[in-house]
Amino acid sequence: MRQKIVAGNWKMNTTLHEGLELAKAVEATSGSKTSDAIMIIAPPFTHLSKVSEVISDVKLASQNCASEEKGAYTGEVSPDMLLSAGVEYVIIGHSERRSYYNEDNQILNQKVKLCLSKGLKPIFCCGELLEEREAGKLFDVVRSQITEGLAGVSAEDMKQVVVAYEPVWAIGTGVTASPDQAQEMHKFIRDLLAEMYDGETADSTTLLYGGSCKPSNANELFANPDVDGGLIGGASLKAEDFIAIVNAY
Ligand code: PGA
């Protein structure tokens with residue numbers, strides 16, 4: 001059985017104090033979890049080490065990491081630093097990183113491989129722009145993001161990788177992909193992983209949906225056979241909404 005995951009991407013929100021309160025609230029709700037999904041939160045870098053001290057059932061992710069191991073890279077945060085702060089998962093290639101910070105498939109591939117070599121688990125994001133969908137290029141775009149972003153990652157290492165499909169037009173817009181649109185792309189990604197690796201690897205990879213997922217639509221999205229959970233932005237900033245999404249399974 002594939003691991004179900006619901007991960008909260010806090011983005012650039014909350015002060016340290018607010019973040020600790022939110023993390024404690026999320027941890028407290030985990031006691032009322034009725035699904036077998038793993039709960040992950042991804043607070044800003046500055047909060048990670050303190051947040052790791054107030055969570056136990058809930059797992060910790062960072063929203064990004066450096067592509068280099070150490071040294072003269074001002075402003076970057078390395079995988080070893082993240083590990084020392086209690087981080088287990090790293091979101092890599094979020095569309096905001098791709099579009100605002102020009103992170104391309106090649107640099108993202110470097111990050112994925114570096115994280116894996118350090119024992120961190122990548123949550124690798126992909127997804128098309130609205131104009132790419134409208135031009136019928138959605139599958140080509142996602143195919144290149146995945147084949148280039150995961151190039152050189154072994155089937156063994158794929159056991160540590162989570163893939164998140166986040167159509168860019170659905171992120172933070174209130175417009176969610178329909179359950180059919182989500183399933184169609186998730187099936188495409190699973191078939192692609194089978195082509196790149198093998199059926200077993202494809203079957204065991206957790207595929208998350210992200211983009212305006214909330215308590216009111218999580219259930220119909222998660223009901224799809226190839227949707228194994230969600231990457232949640234806005235709705236992860238309220239503990240009660242986040243647990244409601246987790247319990248939508
Ligand atoms: P959203 O963000 O849920 O606010 O649309 C999702 C994401 O960017 O991961």
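These legends walk through several close-up views of a predicted model. Residues are numbered from 1 along each chain as its sequence is written, and side-chain values use heavy atoms, with hydrogens and water left out. Because this is a predicted model, local features need pLDDT of at least 70 and side-chain atom pairs count only at pLDDT 80 or more, while totals for chains, interfaces and linings use all residues.

**View 1. Lys11 and Glu96 meet in a salt bridge.** A salt bridge here is a side-chain nitrogen of Lys or Arg within 4 Å of a carboxyl oxygen of Asp or Glu, and the structure holds 15 of them. In this one, the N to O distance is 2.9 Å. Lys11 sits in the loop between strand 1 (5–9) and helix 1 (16–29) and Glu96 in helix 4 (residues 95–100), so the pair ties together parts that are 85 residues apart in sequence. Helices (H or I, at least four residues) and strands (E, at least two) are DSSP runs, numbered from the N terminus. Glu96 is partly exposed, at 24% relative accessibility. For these labels, buried means under 20% relative accessible area, exposed over 50%, and partly exposed in between (1.4 Å probe, protein chains only).

**View 2. Lys118 and Asp80 form a salt bridge.** Their closest N and O atoms are 3.2 Å apart. The pair links distant parts of the chain, with Lys118 in helix 5 (residues 105–118) and Asp80 in helix 3 (residues 79–84), 38 residues apart. Lys118 is partly exposed at 23% relative accessibility, and Asp80 is partly exposed at 37%.

View 3. Elsewhere, salt bridges that share partners join Arg2, Arg190, Asp226 and Asp228 into one network.

View 4. Look for a polar backbone atom of Gly172 at 2.6 Å from a ligand oxygen. A polar backbone atom of Ser212 is 2.7 Å from an oxygen of the ligand, and a backbone N or O atom of Gly233 lies 2.9 Å from a ligand oxygen. The protein covers 94% of the 290 Å² of accessible area that the ligand has on its own (Shrake-Rupley method with a 1.4 Å probe).

**View 5. His47 is a buried loop residue.** You will find His47 between strand 2 (38–42) and helix 2 (48–54), with a relative accessible area of 3%. Not counting residues up to four places away in sequence, His47 touches Asn13, Thr14, Thr15, Leu16 and Gly19, where contact means heavy atoms within 4.5 Å.

**View 6. Leu193 is buried in helix 9.** Its relative accessibility is 0%. Beyond residues up to four places away in sequence, the contacts of Leu193 include Ile146, Leu150, Met158 and Leu207.

Technical notes. Polar contact = N/O pair within 3.5 Å; in protein donor to acceptor, adjacent residues only side chain to side chain.
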